Amino acid sequence: MILDALIDAIVDTARLLPFLFVTYLLMEYLEHFSEEKTEKWLKGAGRLGPAIGAAAGVLPQCGFSAAAASLFSGGIISVGTLLAVFLSTSDEMLPIFISEQVAPGRLGKILLLKAAVGAITGFFIDFLVNKLHPRINSKKRIRDLCEREHCGCEDDEDEEAEAESAAGGHSHENHGHGFLHIAKPALSHTLQISLFIFIITTAITLLVEGIGEEAIGSFLSGEPVLGVFMAALIGLIPNCAASVALTELFLKGMLSAAQMIAGLLVGAGVGLLVLFRTNDHPNENLVILLMLYASGVVWGLIFEGLGIVL
């Protein structure tokens with residue numbers, strides 16, 4: 001049984017490799033092309049922050065949740081905007097869906113649903129925070145973050161200006177290295193996620209073979225509420241493996257749409273880790289963590305109650 005599971009996992013993972021690499025290549029290109037513009041939009045969003053944050057979170061930018069956490073810690077965006085990004089971002093769901101050749105209409109529906117949930121939740125959170133605890137959105141300053149992290153912002157700006165000036169006469173060399181600059185991280189990410197997929201696929205196969213797919217399916221369908229809470233808990237794991245596991249379980253018919261959505265809404269990638277690292281207010285970080293988890297659970301229960309199928 002173990003040997004069969006390993007063989008099946010190897011075959012499934014190998015089949016996804018080319019799709020994953022092309023997807024991550026495109027994602028790296030988009031991230032390098034649009035990252036600065038996206039952050040500028042977010043910085044100047046004002047009260048529309050949650051809507052812009054939710055829309056930006058849908059874009060295939062792996063590190064945007066981390067960037068949003070840093071922007072919040074520096075007092076540039078509100079807590080509602082931060083949660084909108086966290087809820088909207090898809091982490092590894094998008095490349096896995098693409099590599100599994102999920103219908104574009106179905107994929108678009110899921111992405112739009114996550115963005116809508118992120119925006120609505122973000123506006124609601126900002127409304128509550130501004131009424132009950134406005135200091136969360138006003139007491140931070142970017143200079144405090146720079147001084148605490150010893151990031152040397154002014155030095156970096158000077159170095160960037162010098163680099164841009166020096167690169168004026170060597171633009172052809174930069175273009176020559178452009179593809180490699182994108183291809184290397186894309187290949188690295190592909191291999192890392194492929195390893196996660198292999199491990200998780202093997203584990204799922206062994207689970208199904210050992211317990212039985214019907215038994216697992218009946219448990220999840222018989223405990224839809226518990227399934228939502230469990231999926232959201234898995235989504236909190238600050239690692240790509242969480243979103244990989246949730247997406248694979250959904251594609252194999254072992255998670256309902258509501259359970260998957262609950263987990264993927266909560267799954268903010270490394271954004272939570274960056275938040276706890278850069279925001280020097282532990283209690284505030286815990287509150288944001290609880291709000292994120294509660295948002296995923298509440299929306300998951302709403303979708304479960306409405307019987308939404310994706």
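How many aromatic pairs does the structure hold? It holds 2, where rings of Phe, Tyr and Trp (its six-membered ring) pair if their centres lie within 6.5 Å, with planes under 30 degrees apart counted as stacked, over 60 as edge-to-face and the rest as tilted.

Before those, the ground rules. This is a predicted model, with local features needing pLDDT of at least 70 and side-chain atom pairs counting only at pLDDT 80 or more, while totals for chains, interfaces and linings use all residues. Residues are numbered from 1 along each chain as its sequence is written, and side-chain values use heavy atoms, leaving out hydrogens and water.

On confidence: pLDDT, the predictor's per-residue confidence from 0 to 100, has a mean of 76 over the protein chain, and 71% of residues reach 70 or more. Helices here are DSSP runs (H or I, at least four residues), numbered from the N terminus.

Now the pairs. Phe97 and Phe250 form a tilted one, 6.3 Å centre to centre with 45° between the planes. Phe97 lies in helix 5 (residues 93-99) and Phe250 in helix 12 (residues 240-251), so the pair ties together parts 153 residues apart in sequence. Phe97 is buried at 0% relative accessible area, buried meaning under 20% (1.4 Å probe, protein chains only). Phe250 is also buried, at 8%.

The rings of Trp299 and Phe303 have centres 5.9 Å apart and planes at 40°, so this pair is tilted. The two residues are 4 apart in helix 15, about one helical turn. Trp299 is buried at 19% and Phe303 at 5%.

Methods:
Buried < 20%, exposed > 50% of the residue type's maximum accessible area, 1.4 Å probe, protein only.
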